[in-house]
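Here's a quick tour for anyone meeting this chain for the first time. Have a look at the picture, then walk through the notes below.

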Amino acid sequence: MRVIAVKAQETQALVSVFRAHESLVKQRTQSANSIRGLLSEFGVTVPKGLQNVTELRDCLEAESEPLPETLRHSVNALFTARD
């Protein structure tokens with residue numbers, strides 16, 4: 001059995017902040033990949049990278065792409081969850 005040293009409360013708090021940050025980054029990446037995947041089914045392709053997905057939001061709001069309104073609502077919900 002391993003012996004684990006007791007951590008100070010401040011150390012535990014810092015580890016918690018780090019884990020929360022990791023979780024948020026992971027969720028943001030998942031949302032961006034979901035957005036890219038949904039739009040690729042309708043022929044809208046975007047290169048990998050968060051900056052490209054953010055640029056896509058402007059494109060969708062300009063309604064330059066003929067996409068169903070239901071898809072727009074779904075993608076906007078993912079953008080909201082991502083922000």
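Helix α1 covers residues 9-40, so to speak a run of 32 residues, and its first and last C-alpha atoms sit 46 Å apart, close to the 46 Å expected at 1.5 Å a residue. Keep in mind that this is a predicted model. Altogether the chain has three helices and zero strands, and from the N terminus on the order is simply α-α-α.

**Overall shape**

- The chain has a radius of gyration of 19 Å, while the globule rule gives 12 Å for 83 residues, so the chain is more spread out than a compact globule.
- Of the 83 residues, 19% count as buried.
- The accessible surface comes to about 6400 Å², and carbon and sulfur atoms own 55% of that.
- Looking at contacts in the chain with a separation of 6 or more, 45% are between residues 24 or more positions apart.

**Helix α1**

- The buried residues here are Ser31, Ala32, Ile35 and Leu39.
- Ala13 is also part of helix α1, but this residue is partly exposed, at a relative accessible area of 34%.

**Helix α2**

- Helix α2 takes in residues 50-61, and because 12 residues at 1.5 Å a residue should span 16 Å, the 17 Å between its end C-alpha atoms agrees.
- Asn52, Val53, Leu56 and Leu60 are the buried residues of α2.
- Those four cover an arc of only 95° around the axis, which puts them on the same side of α2.
- Which exposed residues does the face of α2 turned away from its buried side carry? They are Gln51, Glu55, Asp58 and Glu61.

**The nonpolar core**

- Nonpolar side chains tend to be buried together in soluble globular proteins.
- In this chain, the largest nonpolar core has 12 residues: Ala32, Ile35, Leu39, Val44, Val46, Val53, Leu56, Leu60, Leu67, Leu71, Val75 and Phe79.
- Helices α1, α2 and α3 (69-82) each supply at least two residues of this core.
- Leu60 is a handy place to start looking: leaving aside neighbours within four places in sequence, Leu60 is in contact with Leu39, Leu67, Arg72, Val75 and Phe79.

**Helix α3**

- Asn76 lies in helix α3.
- Is Asn76 buried, partly exposed or exposed? Asn76 is partly exposed, with a relative accessible area of 34%.
- Asn76 and Ser23 are 53 residues apart in sequence, and their C-alpha atoms are 21 Å apart in space.

Methods
Residues are numbered from 1 along each chain as its sequence is written. This is a predicted model: local features need pLDDT of at least 70, side-chain atom pairs count only at pLDDT 80 or more; totals for chains, interfaces and linings use all residues. Side-chain values use heavy atoms; hydrogens and water are left out. The expected span of a helix is 1.5 Å times one less than its number of residues. Buried means under 20% relative accessible area, exposed over 50%, partly exposed in between (1.4 Å probe, protein chains only). The arc is that of the directions from the helix axis to the C-beta atoms. A nonpolar core is a set of buried Ala, Val, Leu, Ile, Met, Phe, Trp, Tyr and Cys residues joined through side-chain atoms within 4.5 Å. Contact means heavy atoms within 4.5 Å. The radius of gyration is taken over C-alpha atoms; the globule rule is 2.2 Å times the number of residues to the power 0.38. Accessible areas come from the Shrake-Rupley method with a 1.4 Å probe; for residues, only the protein chains shown count as cover.
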